[in-house]
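Here is a short report on a two-chain model. Please look at the sequence and structure first.

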Amino acid sequence: MTVTAIGAAVRRKEDHRFITGKGQYTDDINRPGQTHAYFLRSPHAHANLKKIDLSKAKAMPGVVAIYTGDDVAADKIGGLICGWMIHSKDGTPMRAGPHPILAQGKVRYVGDHVAVVIAETLSQAKDAAEAIVVDYDVLPAVVEAGKAQAKGAPQVHTEAPANTVYDWHIGDKAATEAAFKAAKHVTKLDIVNNRLVPNAMEPRAAIGEYDAGNDALTLHTTSQNPHVARLVLSAFIGIAPEHKLRVIAPDVGGGFGSKIFIYAEETVCVWAARKCGRPVKWTADRTEEFLCVAHGRDHVTRAELAIDADGKITGLRAKTIANMGAYLSTFASSVPTYLYATLLSGQYAIPNIYCEVDAVYTNTAPVDAYRGAGRPEATFVVERLVETAAREIGMDPAAFRRRNFITKFPHQTPVIMTYDCGDYKASLTKAMEMADVKGFGKRRREAARRGKLRGLGYSTYIEACGIAPSQAVGSLGAGVGLWESAEVRVNPVGTVEILTGSHSHGQGHETTFAQLVSSRLGISIDNVSIVHGDTDKVQFGMGTYGSRSGAVGMSAISKALDKIEAKAKKVAAHVLEAAEADIDFKDGKFTVKGTDKAVDFGTVALNAYIAHKFNPQELEPGLKEGSFYDPTNFTFPAGCHICEIEVDQETGVARIVKWTAVDDFGNVINPMIVEGQVHGGIAQGVGQALLEGTVYTADGQLVTASYMDYAMPRAHDLPSFEVGMTVTPCPSNPLGIKGCGEAGAIAAPAAVINALTDALGTEDVPMPATPLALWSIIAKQSKAAIAAE
Amino acid sequence: MYPFKYQKAATVRGAVSLLKKAEEPKLLAGGHTLLPTMKQRLASPKTLIDLSAAGLSGIEQKGRSIVIGAMTTHAEVANSPVVQQAIPALAKLAGHIGDPQVRHRGTIGGSVANNDPAADYPAALMALGAVVHTSKRKIPAEEFFAGMFSTALDEDEIITKVAFPIPSKAAYVKFPNPASRYAIVGVFVAKKGSNVRVAVTGAGSNGVFRHEAMEQALAKRFNPKSLEGIATPAADMNGDIHASADYRAHLVGVIARRAVAAATA
Ligand SMILES: Cc1cc2nc3c(=O)[nH]c(=O)nc-3n(C[C@H](O)[C@H](O)[C@H](O)COP(=O)(O)OP(=O)(O)OC[C@H]3O[C@@H](n4cnc5c(N)ncnc54)[C@H](O)[C@@H]3O)c2cc1C
């Protein structure tokens, strides 16, 4: 039997299923007697619901039921929750308005859920929805974060005066102010981190089902964390107690964070299934996804960097206004606070940091974690400041970074985090070599001859992954612990099932997790199957996000494998008639020290189950072990991305001509999968930097509600990536893994904009840097140049 | 989508008679414009008349023209040796419409009948002086396109083919919308003898148009330099989140120069 070692670039086991169309996604599943749900959504960004007249709609053909917020209230079904408590500067808890699953008295964004129509067919449900008469009292709307706190701005929730959910801060204000007073040079930037719409290939979907015989509910849904969904649905929303509610997240076609959250639609489906006595199915169409999936980013920031006479950074301060949208989504409050400001030290030894964050409600789709979640925003602030500062003080941006890099570990930043390990110089140096930074001047001159402005930009990013030590996050306001669970079930013939609380929706767990088992037990990866995504099979789990499945999820598997090995040694000792202390286990074989006696893993597994060779009163039969692993620290993947870009002076079109990424993810299980994650992440980051603009009109209509206007990155927008790695194994988990899922999306935007600002000679380049935006800058510059002549 | 009756016409005559007597009919070609609007419930024809079996597809050279049947897909035009040989610019244009799925369903007849102000074909028809053949008559391109999404077609009239005179030189350059890949500005230039035509799609506030100032300058000398200093009034341009009217006006000049350069390369 062939072992697939840790570090082997094997192809993904799951891909045959996906590529041949054999995956089972939620929408592929149909239940007997199933009905279809269609949500009547608000066409207005802000309105009072004066009256909903269902009389005509209820009489339409095929209609099974129509429910509104009144029915939800009558059933005492709770609202959606935000699971992370943030306190304002004055110690008061955040001010969150209610988040009903069907609107009660008011709608707060275009797409807000007014009613659900359940019918025999989707078409009939839509017909009936058209016959619902809603009397809206339309109110003025506020959409921009920067305008939400203005005097006289429309109030989204009465609970949050001035639309302010919290005004939070971190760091030492006085010390930071002193650092700025003493600074030789201060760099200032106004930064807008553009709102993004996550676009997983599979839209969200749900099927709620009620088993009257057992009084139990089943929910199939597109979730990154089915156990968390069950916990929230049962403990907070009150759908059913946990033992009467099964949540299944089958194959899920991408999430990027957007499928962490518990949304109105799946909650309605599972609640309505019991109420109407039939399975209720809903699948979002792409327009519904644009309108209602939790969006990402949307920060407005004023940031400053203080530098002394030696080119050393002495302080950083920032004031950010974070747009939360119309309601607080499941983890929304943590994103612009503990996932953002705690990373403002970047890779640098910055002695003083102070950051203020105001979170505001607006009449837009809720905003929550999206690939990187807070860390892309932090990296963008830090890396734009550092690049700009270097230019302003006339220092080479790479040299300026080197001068300020953290070099001693562990390193305590002024904003909570303790970086455990890293080698930032190594990744920068390697990236510069791979990118041939030395030859850039020549390439730039050559480009100029072709009418192209060529620029080079760095992003030496850091992120906090492997989320997270439960006690630490608990002290910061998290409502849950962030450990992971695993169970290893060895079958009598030596094949293995891994039950994991992690959830794969594109990450390749069926392969990487199997590689770990293969290398530990000496069995083929084909003899390992990964079971995930079903609360009836896996006891508990916290799911997949924050690049945690390797560092936390696999660590739990590793711990369980330790126990399997220990127990198997006991069984082997009986089989080999030797003392347990003399048994060695290596390459799938148990041997007795100093002899040639050996038995393979499969035989030991069989003996564990037949239990003929040992006394079951002394040693329990069977071979099954579990573990709950709680990490001791975050992990800190870091690296250096270098973007080289050319701007066509005539059209403003930017083309990325070279991309170099050198990442330190600690130990790597499957380099091919890791590289794929890096590619995807960069593509998403480039999307944010160059293409993806989310545009609402002033009255809250989403202009970019389809691919006709929302530009997703395509293959031809991207160069072939040069990907390299450096390795400092993570000391805080048994496998030395840091995580790789978000790095590209975190690093890329700053690298692109740093390259563009280099090319254009101005720091004022917005995201997305569309052809129109870049041409406008070039046109303004040439006008100014003509005026100066 | 609302319920509708589906009918397949076996001939153009049959399609015309269905068009006359069916309740709220619509012709169905590739369906790439029509079906999405029906799915979104923005259009609700009661009858769909499918033209796929009406014998309207095919490409042939007739004298000094290339004649393309209305139901010919973009992929067929792009890959046709006849088109590639006689009017390579037209083959290239067709090869850059949408994506492979769109090119294998979308048809020239549907595109021309729809007259989307950002579509590519209208520029080719205008610049090449094409003639639209219908079930009733022959309509010169200039008279056919009548502003955004509007054409000279009667309610009961069907496009059967489009005839493109073969130019001596031609090129099409498209500045695509970063999201949809339709044209923000698309310029088709064609030279036939001393006659030069420049047609612009995507940019104008009233759909495809001919750029007479450019045509005159290029008739004197067919060279990109001839276009320098020729302004396009922004007041006549379309503006949206992707491109302001000023930007489009500027791009018309840039893209036209690139098209002439490509035609003379
Ligand atoms: C994702 C996507 C991207 C696209 N990108 C581009 C692009 O980059 N550039 C571009 O130019 N186009 C683009 N298109 C449009 C596409 O190429 C088709 O040309 C267009 O959809 C119409 O052609 P169709 O055959 O699909 O017509 P249909 O959708 O079937 O019909 C369109 C209209 O024309 C009428 N009609 C059809 N045939 C006839 C006829 N013979 N006589 C009279 N009336 C008729 C129909 O009744 C209907 O009103 C894109 C479409 C999609 C979906």
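## An open sheet in chain A

Three strands of chain A, in the order S4-S2-S6, form an open sheet with antiparallel pairing. Strands (E, at least two residues) and helices (H or I, at least four) are DSSP runs, numbered from the N terminus. Two strands pair if DSSP finds at least two bridges between them. Strand S4 (106–107) and strand S6 (133–138) of chain A stand at the edges with a single partner strand each, so one side of each lacks a neighbour in the sheet. Strand S2 (residues 47–53) of chain A is joined to S4(A) by 2 bridges, and the two run antiparallel. Asn48(A) lies opposite Lys106(A) of S4(A).

This is a predicted model: local features need pLDDT of at least 70, side-chain atom pairs count only at pLDDT 80 or more, and totals for chains, interfaces and linings use all residues; side-chain values use heavy atoms, without hydrogens and water. Residues are numbered from 1 along each chain as its sequence is written, while chains are lettered from A and ligands numbered from 1 in the order in which they are written.

## Backbone exceptions in chain A

Most residues other than glycine have a negative phi, and most peptide bonds are trans.

Lys76(A) has a positive phi, near 55°. Lys76(A) sits in the loop between helix H3 (69–74) and S4 of chain A.

## The interface

In contact (heavy atoms within 4.5 Å) are 22 residues of chain B and 23 residues of chain A. The area buried between the chains is about 1,800 Å², with 53% from carbon and sulfur atoms. Buried area is the accessible area (1.4 Å probe) lost on putting two parts together, summed over both. In chain B, Arg41(B), Ile241(B) and Tyr247(B) lose the most area to chain A, together 30% of what that side buries.

The rule finds 5 salt bridges across the interface. A salt bridge needs a side-chain nitrogen of Lys or Arg within 4 Å of a carboxyl oxygen of Asp or Glu. One of them joins the side chains of Glu650(A) and Arg257(B) (3.3 Å, N to O). Helix H11 (residues 245–264) of chain B gives the largest share of the side that touches chain A, 7 residues.
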